[in-house]
Amino acid sequence: MSGASAPSTIGAGQDHQVPARAVRGASPAAPSPDALSSPVDDASIEAVIAWFARSGRDLPWRHQGVSAWAILVSEVMLQQTPVVRVLPRWQEWMSCWPTPADLADAPTAEVLRRWDRLGYPRRALRLQECARAIVREHGGEVPEGEETLRTLPGVGEYTAAAVTAFAHHRRAVVVDTNIRRVLTRSRRGRALPDRSYSAAERSLAARSLPVQQERSVAWNQAVMELGALVCTARSPRCEECPLAAEGCAWLAAGRPAPEADTRRRQAFEGTDRQMRGLIMALLRGDGIANEMQLLALDPEDSARVQRCTESLIADGLAVREGESLHLP
Ligand code: SF4
């Protein structure tokens, strides 16, 4: 992902923030119902690519000459984490482990330490397994082709497509939450994508992808950035959007509220995920924690501490030795 996934809900009362000037100025013709799922047209693609050239962020993994490995690492880090938090960690990882061979040889405890607070630390383990597979099976070079990429540990449909597009500059259907949101609004006229990613959505993204290789890469990058910066989940800034003038279906329909959306953001406080993060932070600090230190993390709920400790061990993120826990 070239930017972070934004929350996937829209707050109530945010549906009328577009200045009248922007809506009237754009004068988009309301698309016919059939057009709501028609692919993005050439003029819209050009407008979004031109917007990106003016307004896209200067992120280091987008620079010329950045290796496919560095791009793969950025894509994995960005999957659950905002750009601002990823930047320092990615830079540190690249200076410590600029190639798959470097990460493959690194002590796993050090890999987890340098993952720091990016969250979902299993991603760090999978990245190291991925690096080892690249060294073992591909001579230390990130392989080409989505199918081959998907054989690597931790590389799924999204990452394989993103590496193919952004590292190897090939045509690939890249779909992240930002792209889903832009396509859902602009083509289908709905405030939010469906809860699960459907074949129809993938088809819309595939049909919208320019045929020309170079243009397809530019479109993927630009539409993803548009979703991250302008067509955001909570406060889309349609007055700044290049698609407003090209006929965004959701804008033309008066920005209707989301359909009944039962999605709720899970509270973090008190969850096992929070406790796993606390335990990992303790281990990153001293490398080891004894039982008293662990139980002190939640004196009221020792069962939660024990449950989370066991799950970290099961995930390969921690190892028990006597009564102590340490990084692998
Ligand atoms: S006009 Fe508004 S809703 Fe439509 S794509 Fe742009 S930001 Fe999103």
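Q: A crossing is left-handed if the near helix is turned anticlockwise from the far one by less than a right angle, and right-handed if clockwise. Is the crossing of H3 and H9 left-handed or right-handed?
A: The model is a predicted one. In it, helix H3 comprises residues 68-78 and helix H9 comprises residues 157-166. The crossing that these two helices make is right-handed.

Q: How many residues of the contact of H3 with H9 are nonpolar?
A: On the side of H3, the contact is made by Ala-68, Ile-71, Leu-72, Glu-75 and Val-76; on the side of H9, by Thr-159, Ala-162, Val-163 and Phe-166. Of these residues, 1 is polar and 1 is charged, and the number that are nonpolar is 7.

Q: Which elements are included in what covers the buried residues of H3?
A: H3 is mostly covered, since 10 of its 11 residues are buried. Among the buried residues are Trp-69, Ser-74 and Met-77. The cover over them includes helix H4 (83-96), helix H5 (100-105), helix H7 (122-138) and H9.

Q: Against which elements do the buried residues of H9 pack?
A: H9 is largely enclosed by the rest of the structure, because 8 of its 10 residues are buried. These buried residues include Ala-160, Val-163 and Phe-166. The elements they pack against are H3, helix H8 (146-149) and H12.

Q: Is H10 roughly parallel or roughly perpendicular to H11?
A: The axes of helix H10 (residues 177-188) and helix H11 (residues 199-208) come within 11 Å, and they cross at roughly 85°. An angle of 65 to 115 degrees counts as roughly perpendicular. H10 and H11 are therefore roughly perpendicular.

Q: How many charged residues does the contact of H10 with H11 have?
A: H10 contributes Ile-179, Arg-180, Leu-183 and Arg-187, while H11 contributes Glu-201, Leu-204, Ala-205 and Ser-208. By class, 4 of the residues are nonpolar and 1 is polar, and the number that are charged is 3.

Q: Which element gives the most to the shell around the ligand?
A: There are 13 residues around the ligand, and those that come nearest are Cys-231, Pro-236, Cys-238, Cys-241 and Cys-248. The elements that give two or more residues to this shell are H10 and helix H13 (249-252). With 3 residues, the element that gives the most is H10.

Q: How far apart in space are Cys-238 and Cys-248, C-alpha to C-alpha?
A: Cys-238 lies in the loop between helix H12 (213-229) and H13. Cys-238 is buried, because 21 other C-beta atoms lie within 10 Å and the cut-off for a buried residue is 20 or more. Cys-238 and Cys-248 are 10 residues apart in sequence, and their distance in space, C-alpha to C-alpha, is 9.2 Å.

Q: Is His-169 buried or partly exposed?
A: His-169 is found in the loop between H9 and H10. Its phi is positive, about 55°, although the residue is not a glycine. A residue is buried at 20 or more other C-beta atoms within 10 Å and exposed at 12 or fewer. With 13 such atoms, His-169 is therefore partly exposed.

How values were computed
Residues are numbered from 1 along each chain as its sequence is written. This is a predicted model: local features need pLDDT of at least 70, side-chain atom pairs count only at pLDDT 80 or more; totals for chains, interfaces and linings use all residues. Axes are lines fitted to C-alpha atoms, for helices over the stretch in contact, and angles run from 0 to 180 degrees between N-to-C directions. Helices (H or I, at least four residues) and strands (E, at least two) are DSSP runs, numbered from the N terminus. Angles under 35 degrees count as roughly parallel, over 145 as roughly antiparallel, 65 to 115 as roughly perpendicular and the rest as oblique. Two residues are in contact if their C-beta atoms, placed from the backbone, lie within 7 Å. Ala, Val, Leu, Ile, Met, Phe, Trp, Tyr, Cys and Pro count as nonpolar, Asp, Glu, Lys and Arg as charged, and the others, Gly among them, as polar. A residue is near a molecule or strand if its C-beta atom, placed from the backbone, lies within 6 Å of it.
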